[in-house]
Amino acid sequence: MPNEGSYEAALRRSDQIQEDLEVHPQSYNMLTGDRPTGRLHLGHYFGTIRERVRLQDMGVRTNIIVADYQVITDRDSTEHIQDNVFNMVMDYLACGIDPQRTMIFTHSAVPAANQLMLPFLSLVTEAEMERNPTVKAEQEASGHALTGLLLTYPVHQACDILFCKGNVVPVGRDQLPHIEVTNKIARRFNERYGKVFPSVAGLLTSTPLLPGLDGRKMSKSYGNAISLCMSADETARLIKKSKTDSERNITFDPEARPGVAALLTTAGICTGRDPKEIADEIGMGGSGQLKKYVTQAVNDYFAPIRERRHAFEQDLDYVRDVLRDGNARANAIADQTLDEVREAMGMVY
Ligand code: TRP
């Protein structure tokens, strides 16, 4: 975690921008993205996807990178990568990302953006890379050796943001150190060679993190995550299996009753209701009734999204076209920025 002082400062800046976004959406250019390692789940949806759609619909310029090179930061294989990328695009489209307004693209298809890595690496030191707390945590969690790509991926992420001159990045708290790296790189580049890049701010979401069904961090590997692509039946089965406790009366107590609280939180976020109110209503109905309620809430909320997703699953050609078009647009922008970089550095021959 970044230190509290810088977190507070980032939060204040984020709040200011949230206000200004309403007034001047056209001054902002959002870039964010995801690693295509599996299907998106409710945590992604309520944590960031919904916010991206909101920014898009407000008239902010929006860009989403499917970060395929980040998959190999701590894995030895690109197995299923194409399937994961296409499915990620389907998830975006189903959730309301409109490819006319939002540029969707992948790392591997935009060489000029990747080329920024060379000048950018010259602007950071080994020590700066090594003290990035998120990189350290990710390396430990992966149980994999620290690869050169994992060590330097925050610099690569600066390439993602800066090639299209993004100035707002919706991120979770864990990604804030990378925003700092990006700003350092932009500032140092501009100081050495002349102004090419904007300064960047993280947009922190106000929605609290949605826990997995058992109250732990939501993660596919824990089996506690409802994916957007699940059917209503699969959703019902997963919720039915989730662990609650032996106390019949339903109360909202995240500390003492993490499983029950996670179910109430999930129902609350899908219905827009206060989880405590739902708990009071169910009371002695017990976890059986609670699970029915959550299942209904999730399935009702996601029914239209899942219906749209189903249509895209039947039309892979369209999904491919969306990505091809996004990649073409990203290449045009990256070529232009790389030209500016060459010009600023005097490397025009
Ligand atoms: N690292 C981000 C994640 O794991 C994904 C990502 C790639 C990203 N490039 C980015 C996020 C640029 C913000 C900006 O979720």
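The legends below refer to a predicted model.

**Figure 1. Crossing of helices H4 and H14 in the predicted model.** Helix H4 spans residues 81-95, and its axis comes within 8 Å of the axis of H14. The two axes cross at roughly 135 degrees; H4 and H14 are therefore oblique to each other. The crossing in which H4 passes H14 is right-handed. On the H4 side, the contact is made by Asn87, Met90, Asp91, Leu93, Ala94 and Cys95. H14 contributes Ile305, Arg308, Arg309, Phe312 and Glu313. By residue class, the contact of H4 with H14 comprises six nonpolar, one polar and four charged residues.

**Figure 2. Crossing of helices H2 and H14.** H2 covers residues 42-58 and H14 covers residues 286-313. H2 passes H14 in a left-handed crossing. Leu42, Tyr45, Phe46 and Arg50 of H2 meet Val298, Tyr301, Phe302 and Ile305 of H14 in this contact. Seven of these residues are nonpolar, none is polar and one is charged. Ile305 of H14 belongs to the contact with H2 and also to the contact with H4.

**Figure 3. Surroundings of the ligand.** The residues around the ligand include Leu31, Thr32, Gly33 and Arg35. Ile65, Ala67 and Gln70 also surround the ligand, as do Gln157, Asp160, Ile161, Val169 and Gln175.

**Figure 4. Polar contacts between side chains and the ligand.** Arg35 places a side-chain N or O atom 3.0 Å from an oxygen atom of the ligand. For Gln70, the distance from a side-chain N or O atom to a nitrogen atom of the ligand is 2.9 Å. A polar atom in the side chain of Gln157 likewise lies 2.9 Å from a ligand nitrogen atom. Arg35, Gln70 and Gln157 are among the residues that surround the ligand.

Methods: Residues numbered from 1 in each chain as written. Predicted model: local features only at pLDDT ≥ 70, side-chain atom pairs only at ≥ 80, totals over all residues. Heavy atoms only, no water. Axes fitted to C-alpha atoms, helices over the stretch in contact; angles between N-to-C directions. Helix = DSSP H or I, 4+ residues; strand = E, 2+ residues; numbered from the N terminus. Left-handed = near helix turned anticlockwise from the far one by under 90°. Contact = heavy atoms within 4.5 Å. Nonpolar A, V, L, I, M, F, W, Y, C, P; charged D, E, K, R; others polar. Near = heavy atom within 4 Å. Polar contact = N/O pair within 3.5 Å; in protein donor to acceptor, adjacent residues only side chain to side chain. Parallel < 35°, antiparallel > 145°, perpendicular 65-115°, else oblique.
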